[in-house]
Amino acid sequence: MTENPIHTFIVLAYKESPYLENAIRSVLDQEYPSRVIIGTSTDNEYIRDLAAKYSLDVVVNPIKNGGNIGDFDFAWSHGDNELVTIAHQDDEYDRTYSRRVVEEYRKHPDSIILFTGYYEIREGKKVYSNRLLNVKKTLLFPMRVLHSTKSKFWKQSGIRFGNAICCPSVCFVTRNIPYEKIFRQNEFIGEGDWYGWLKLSKVEGTAFTYIPEPLMGHRVHDDSHTAREVRDGSRTEQEYRMLCKFWPSPVARLIAGGYKQGQKSNLLKK
């Protein structure tokens, strides 16, 4: 048993997710015994009861209208540890996740983020390969080869044509992050993580480190934040504006058009 773990999971809870307890169990059942706390901006009895059941502390974001991006910024900055992973309430982590990110951090202490491969959880089943997952694996191929890089060009290889970095797979190296807020950007409500990776890629002397093993599961369900954005059409415009940070407008519009076809993968009922 590690007496002083250097890694913290902050389980980001919102309202009353039926998947929250599964997420909690998965981060408590790690080979490397990380610290676990719950973060929320919607403090309620349901969350408090689960926290008490598993003897977990709860940190409450006092800003109630910051959206999920505001909650992410609040969460990572309250990890109080060298390494912090924001665990989404709908997702689950394999038992080796913490051990692997700690191992890679010790090899690459100049990392600003470490992130892993992932699979999808669809109707209770693990899905390791589909069109969207395969596209993201292709975008991350340079990072698979390099493994860890300080080059801004190569750090951006996985976000230049779309956001191939799965947010809940990311472990933040807090001592290497020079910002109080990483994500908060009003124009990118749904793509704030993508904006955050771009921002962090520009921090000189720090590396992006990629662990290609699929070590966590991202749940796809029709009540997710992403699914709601796909249905109301706001996702496409946000993706286009992010792509404009890498490409001229006509090229960005062309890439965004292709990306729109892949959005349906975020819905169970298409």
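Trainee: Among contacts in the chain between residues at least 6 apart in sequence, what percentage join residues at least 24 apart?

Mentor: The share is 77%, where a contact means heavy atoms within 4.5 Å. This is a predicted model, in which local features need pLDDT of at least 70 and side-chain atom pairs count only at pLDDT 80 or more, while totals for chains, interfaces and linings use all residues. Residues are numbered from 1 along each chain as its sequence is written, and side-chain values use heavy atoms, with hydrogens and water left out.

Trainee: How many helices and strands are there in the chain, and what percentage of its residues is buried?

Mentor: The chain has 11 helices and 10 strands. Of the 270 residues, 58% are buried. The classes follow relative accessible area with a 1.4 Å probe and protein chains only: buried is under 20%, exposed is over 50%, and partly exposed lies in between.

Trainee: Why is Leu83 called buried, and what does Leu83 touch?

Mentor: Leu83, in strand β4, has 0% relative accessibility and therefore counts as buried. Beyond four places in sequence, Leu83 touches residues including Ile6, Val101, Tyr105, Leu114 and Phe172.

Trainee: What makes Ile37 a buried residue?

Mentor: Its relative accessible area is 2%, so Ile37 is classed as buried. Ile37 belongs to strand β2 and, leaving out residues up to four places away, touches Thr8, Phe9, Ile10, Val11, Asp57, Val59 and His78. Its C-alpha atom is separated by 8.3 Å from that of Ala51, 14 residues away along the chain.

Trainee: Which residues of α4 are buried, and what covers them?

Mentor: They are Tyr97, Ser98, Arg100, Val101, Val102, Glu104 and Tyr105. The cover includes β1, β4, β5, β6, β9 and β10.

Trainee: How do you know that Arg100 and Glu104 form a salt bridge?

Mentor: A salt bridge requires a side-chain nitrogen of Lys or Arg within 4 Å of a carboxyl oxygen of Asp or Glu. The closest N and O atoms of Arg100 and Glu104 are 3.1 Å apart, and the pair forms a salt bridge. The two are separated by about one helical turn, because they stand 4 residues apart in helix α4. An α-helix has 3.6 residues a turn, so residues three or four places apart point the same way. Arg100 is buried at 12% relative accessibility, and Glu104 is buried at 3%.

Trainee: What is the closest N and O distance between Arg95 and Glu31?

Mentor: The distance is 4.0 Å, and the two residues form a salt bridge. This pair links distant parts of the chain, 64 residues apart: Arg95 lies in the loop between β5 and α4, and Glu31 in the loop between α1 and β2. Glu31 also forms a salt bridge with Arg99, at 2.6 Å.

Trainee: Why are Arg95, Glu31 and Arg99 called partly exposed?

Mentor: Arg95 is placed in that class because its relative accessible area is 41%. For Glu31 the value is 39%, and for Arg99 it is 29%.

Trainee: How many salt bridges are there by this rule, and which residues are linked in a network?

Mentor: The count is 16. The network links Asp29, Glu31, Arg95, Arg99, Arg100, Glu103, Glu104, Lys107 and Glu213.

Trainee: Why is Ser157 called buried, and what does its side chain reach?

Mentor: Ser157 has a relative accessible area of 7%, so it is buried. It is found in the loop between α7 and β9. Its side chain reaches the backbone oxygen of Trp154 at 2.7 Å. Setting aside neighbours within four places in sequence, Ser157 is in contact with Leu139, Pro142 and Met143.

Trainee: How many residues line the second largest pocket, and which of them lie nearest its centre?

Mentor: There are 14 lining residues, with Gly117, Tyr118, Lys137, Tyr210 and Pro212 nearest the centre. The elements giving two or more residues to that lining are β6, α5 and β10.

Methods
1 Å grid on protein atoms, 1.4 Å probe; cavity = no way out; pocket = protein on both sides within 12 Å on 5 of 7 lines; lining within 4 Å. Polar contact = N/O pair within 3.5 Å; in protein donor to acceptor, adjacent residues only side chain to side chain.
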